[in-house]
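Student: Please put the model up, and then we can go through it by question and answer.
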Amino acid sequence: MSLLPTVEEIATLPRRAVGAFAARCARVVFSKFLEAYPDAPPGDAGLLASALEFAERASAGQSGRAPVHFVAGDWWNAVEKVTRRTPAAVNATAAAVALAVLRAVSAVQAADAVASGPQGPARAAFAAAEFARDTGSSVEGIRADFEKLKAAVAGEQNPVSPDVFDAVA
């Protein structure tokens with residue numbers, strides 16, 4: 001059985017790839033949220049989706065502003081409202097997706113911050129991978145995504161498109 005990529009393994013990836021891996025893990029968790037809560041109010045799903053898309057765009061080197069709720073610092077207030085409105089059975093998944101998305105955005109933003117040190121983004125990406133595992137994603141699938149990304153970037157510092165990965169089932 002494969003293991004989750006370690007913080008040390010993730011830290012060997014180029015900085016944009018670290019953010020891309022975290023965003024991929026968050027995308028997987030987000031799909032679990034949508035699966036568990038198909039009639040989620042559009043605003044709730046949109047809040048999480050906009051932050052996730054920001055992380056994916058940033059990893060791909062596309063310019064753009066962070067979602068308003070990140071800039072305004074209202075992320076946790078907005079997430080708290082989402083989790084309060086979700087059915088109890090979906091609440092843990094809603095919280096996990098929120099945390100995974102936050103970790104992905106943190107990894108992408110830290111990828112540009114020298115002060116975060118080389119393992120700061122890797123720790124954030126590892127946390128996103130743990131959320132993916134904890135919401136039912138297979139460790140083998142997470143490992144396969146990591147290996148696919150590692151082969152695709154081969155040490156290059158170039159931006160990483162989400163197209164590197166297969167569609168989330």
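Student: Is Phe30 buried or exposed?
Tutor: The cut-offs decide: buried is under 20% relative accessible area, exposed is over 50%, and partly exposed is in between, with a 1.4 Å probe and protein chains only. Phe30 has 6% relative accessibility, so Phe30 counts as buried.

Student: What kind of model is this, and how are residues numbered?
Tutor: This is a predicted model, where local features need pLDDT of at least 70, side-chain atom pairs count only at pLDDT 80 or more, and totals for chains, interfaces and linings use all residues. Side-chain values use heavy atoms, with hydrogens and water left out, and residues are numbered along each chain as its sequence is written, from 1.

Student: Which elements make up the chain?
Tutor: Elements are DSSP runs numbered from the N terminus: helices are H or I of at least four residues, strands are E of at least two. From the N terminus on, the order is α-α-α-α-α-α-α-α. The count is 8 helices and 0 strands.

Student: Which aromatic cluster holds Phe30?
Tutor: Rings of Phe, Tyr and Trp (its six-membered ring) pair if their centres lie within 6.5 Å; planes under 30 degrees apart are stacked, over 60 edge-to-face, the rest tilted. Phe30 and Phe33 are 6.3 Å centre to centre with 25 degrees between the planes, a stacked pair. Phe33 and Tyr37 have ring centres 5.8 Å apart and planes at 85 degrees, so that pair is edge-to-face. The cluster is Phe30, Phe33 and Tyr37.

Student: Where do Phe30 and Phe33 lie?
Tutor: An α-helix has 3.6 residues a turn, so residues three or four places apart point the same way. Phe30 and Phe33 are 3 residues apart, about one turn, and both lie in helix H2.

Student: Why does the span of H3 agree with expectation?
Tutor: The expected span is 1.5 Å times one less than the number of residues. The 18 residues of H3 should therefore span 26 Å, and the end C-alpha atoms are 25 Å apart, which agrees. Buried residues in H3 include Leu47, Leu48 and Phe54. After H3 comes Gly61, whose phi is positive, near 75 degrees.

Student: Which side chain joins that of Arg143 in a polar contact?
Tutor: A polar contact is a pair of N or O atoms within 3.5 Å; within protein, one must be able to donate a hydrogen and the other to accept it, and residues adjacent in sequence count only if both atoms are side-chain atoms. Arg143 lies in helix H8 and counts as buried because its relative accessibility is 13%. At 2.8 Å, the partner is Glu147.
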